[in-house]
Amino acid sequence: MSIASPCIDICKFDSETGFCIGCLRTRDECKSWKKMKDKHRSKIIDDRARRERKLNR
């Protein structure tokens, strides 16, 4: 079973961190999500808390 995209259709990127304020992925991660293996997707999902802390600084 494939890991679903965390996209919530906000798609606005923070200029300082490069993260989408909606899903906390980078532009490159968003673009390549469909081609990624689940192992890489899991790493991105697991990193959301750290990314959110970095975005909120």
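**Entry 1: the overall fold**

Helices (H or I, at least four residues) and strands (E, at least two) are DSSP runs, numbered from the N terminus. With that settled, I read the elements of the protein chain from the N terminus on and noted the order α-α-α. The radius of gyration, which is taken over C-alpha atoms, is 11 Å for the protein chain, close to the 10 Å that the globule rule gives for 57 residues, so the chain is as compact as a globular protein of that length. I wrote the rule beside it: 2.2 Å times the number of residues to the power 0.38.

I must keep in mind that this is a predicted model, in which local features need pLDDT of at least 70 and side-chain atom pairs count only at pLDDT 80 or more, while totals for chains, interfaces and linings use all residues. Residues are numbered from 1 along each chain as its sequence is written, and side-chain values use heavy atoms, with hydrogens and water left out.

I then looked up the box that the C-alpha atoms of the protein chain fill, and along the principal axes it is roughly 35 × 20 × 15 Å. For burial I used relative accessible area: buried means under 20%, exposed over 50%, and partly exposed in between, with a 1.4 Å probe and protein chains only. By that rule, 28% of the 57 residues of the protein chain count as buried.

**Entry 2: the charged residues**

How many salt bridges does the structure hold? I found four, a salt bridge being a side-chain nitrogen of Lys or Arg within 4 Å of a carboxyl oxygen of Asp or Glu. Side chains of opposite charge can pair when their charged atoms come close.

One of these joins Glu29 to Arg51, and their closest N and O atoms are 2.6 Å apart. Glu29 lies in helix α1 and Arg51 in helix α3 (residues 48-55), so this pair ties together parts that are 22 residues apart in sequence. Arg51 also forms a salt bridge with Asp47, where the closest N and O atoms are 2.9 Å apart, and Asp47 forms another with Arg50, at 2.8 Å. I therefore recorded Glu29, Asp47, Arg50 and Arg51 as linked in a network of salt bridges.

I checked the burial of each member in turn. Arg51 is buried at 6% relative accessible area, Glu29 is buried at 12% and Asp47 is buried at 18%, whereas Arg50 is partly exposed at 39%.

**Entry 3: Ile44**

Next I turned to Ile44, which is found in helix α2 (residues 38-46) and counts as buried at 3% relative accessibility. Contact means heavy atoms within 4.5 Å, and, leaving aside neighbours within four places in sequence, Ile44 is in contact with Arg25, Glu29, Trp33, Met36 and Arg51. Two of these partners, Glu29 and Arg51, are the salt-bridged pair of the previous entry.

**Entry 4: Thr17 and the cysteines**

Thr17 sits in the segment before α1 (27-32) and is buried, with a relative accessible area of 19%. Not counting residues up to four places away in sequence, Thr17 touches Lys54 and Leu55.

Why did my search of the whole structure find zero disulfides? A disulfide is a pair of cysteine sulfur atoms within 2.5 Å, and the sulfur of Cys7 is 4.3 Å from the closest cysteine sulfur, in Cys11, which is too far for a bond. I also noted that Cys7 counts as partly exposed, at 32% relative accessibility.
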